[in-house]
Amino acid sequence: MAIELVPLPLPASADASKFTDFGREVRGVDPGSLSPELFEQVKDALYKHDALLFRDVRLTPEQQYALTKAFDPESESYGHGNNKTESTKKSILHPDLKTIPRVPQVQLIGNGTVYNHEGLAEAMLKHPSHTTFHKTRVTPEDEAKGITRFYRWHIDAALYDLSPPKVTTLYGIHIPKGSHQICRYDDGTGDELEVPLGTTAFVSGKTMFDILPKELKSLAVRSKVRYAPHPYVWMAPAHAMPTGLGIESEGLELPLSELPHWEEERRKVLPVVWKNPVTGNLHFQVHPCGAAELIVDPLPAGATREGALYPDGAHITELKEVRGLLYKMQRPAIAPNFVYPHDWRENDLVLFHNRGVLHSVVGAFTKEQVRAFHQCNLAASDDPTGPTEEQVKAYA
Ligand SMILES: [Fe+2]
């Protein structure tokens, strides 16, 4: 028996040529009870297509945890370490996470008040809104007209001590109906994207790398990011860019001395591009909000220095410069034609390759619009690997 893979329907805004391999609907199997053989096919498809959709799914939190864990059997705790630090009120993730009591690796996320849900008598959920995170905001008048923004482009990862999860599973249980919204970039480009209400937006990290000009590909394959310790606490007082792609440099981050206890050796230093374990392709995988420093290797022997950035290597610690370089490399790939905004239906299950895509919450709900999702990802048993020596040579 084989799984059936069908391309995902793309919105008119998408450049179809950039989505030939991205995204598949999986038909004919129940993701809650896959045989080992079928699971291997699903796993292979995930790494080849980065996002998989199953429709009309019934999935218990136990089944969702088991499915998520199967991608990395040695992983066990929630991607943010079962909320030890991120549940502190200081973290910007605090209001977004509610744990299912029976299965603490599965989080209830959404909007509005949910009653008698999987052992939770009453859970007040709030869809994250750009109005509390971005430096500027859409005016209330424009919001009333359905104008919105990307909330925060990210990888699901604690980015401190724990390794970025390999896969995230998102199960849509209650989905309020509503009209489309316009996601505005508000960065002077005039870019905007029509999106379904409460979409989850995805971009491919592979496309993010592939569309870079030569000198930025060279920089990307030679660079590593050092993340701030407890990045979500560190960034909490700061404000995001209007595109949701990183933080404005205003010096508002919490000083390192004021963070909860941290140790230098637990800080994450991760390659800018991660090698896909199945295809070998390179994906540009940086969580721009948490990035604190860039460590650039010198050009490899034999590479041409003409036009090369930081040919002798560099350790860039100036936040504004770090963010400026990352923004220059990441912004092209969140252009409207490269975004896949998923149009959620009830009982959709989306699995995404968290080490191959970036994603963002989008849109705004009213209090009365109740939405409930189960989300699961697990801190991985290893760190992602960067490009091989041959790949560095090929792109440097
Ligand atoms: Fe996420």
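Let me start with a term: a residue is buried if its relative accessible area is under 20%, exposed if over 50%, and partly exposed in between, using a 1.4 Å probe and protein chains only. Hello everyone! What we have here is a predicted model, where local features need pLDDT of at least 70, side-chain atom pairs count only at pLDDT 80 or more, and totals for chains, interfaces and linings use all residues. Residues are numbered from 1 along each chain as its sequence is written, and side-chain values use heavy atoms, with hydrogens and water left out.

Let's begin at the metal. Which residues coordinate the iron ion? They are His-154 through NE2, Asp-156 through OD and His-359 through NE2, at 2.1 Å. A donor here is an N, O or S atom within 2.8 Å of the metal (3.2 Å for Na, K and Ca); water is not among the atoms, so sites may look incomplete. Along the sequence, the spacing of these donor residues reads H-x1-D-x202-H. Asp-156 and His-359 therefore link distant parts of the chain, 203 residues apart. Asp-156 sits in the loop between strand S7 (147-148) and strand S8 (167-174), while His-359 belongs to strand S20 (residues 357-361). Strands (E, at least two residues) and helices (H or I, at least four) are DSSP runs, numbered from the N terminus. Asp-156 is buried, at 6% relative accessible area, and His-359 is buried too, at 5%.

Now, the cysteines. How many disulfides are there? The count is 0, where a disulfide means a pair of cysteine sulfur atoms within 2.5 Å. Cys-183 is in no disulfide, and its nearest cysteine sulfur, in Cys-289, is 15 Å away. That is too far for a bond. Cys-183 is buried, with 0% relative accessibility, and Cys-289 is buried at 0% as well.

Finally, please find strand S5, residues 103-117. Two strands pair if DSSP finds at least two bridges between them. S5 pairs in the antiparallel sense with S4 (residues 98-100) over 3 bridges, and Lys-98 has Leu-108 as its bridge partner. S4 and S5 make a hairpin with 2 residues between them.

S5 also pairs with S6 (residues 120-125), antiparallel, over 5 bridges; there, Tyr-115 is partnered with Glu-122. In that hairpin, with 2 residues between the strands, Glu-118 takes a positive phi near 45°.

And which strand holds the bridge partner of Gln-107? That is S21, where the partner is Gln-375. S5 and S21 (residues 371-377) run antiparallel, paired over 6 bridges.
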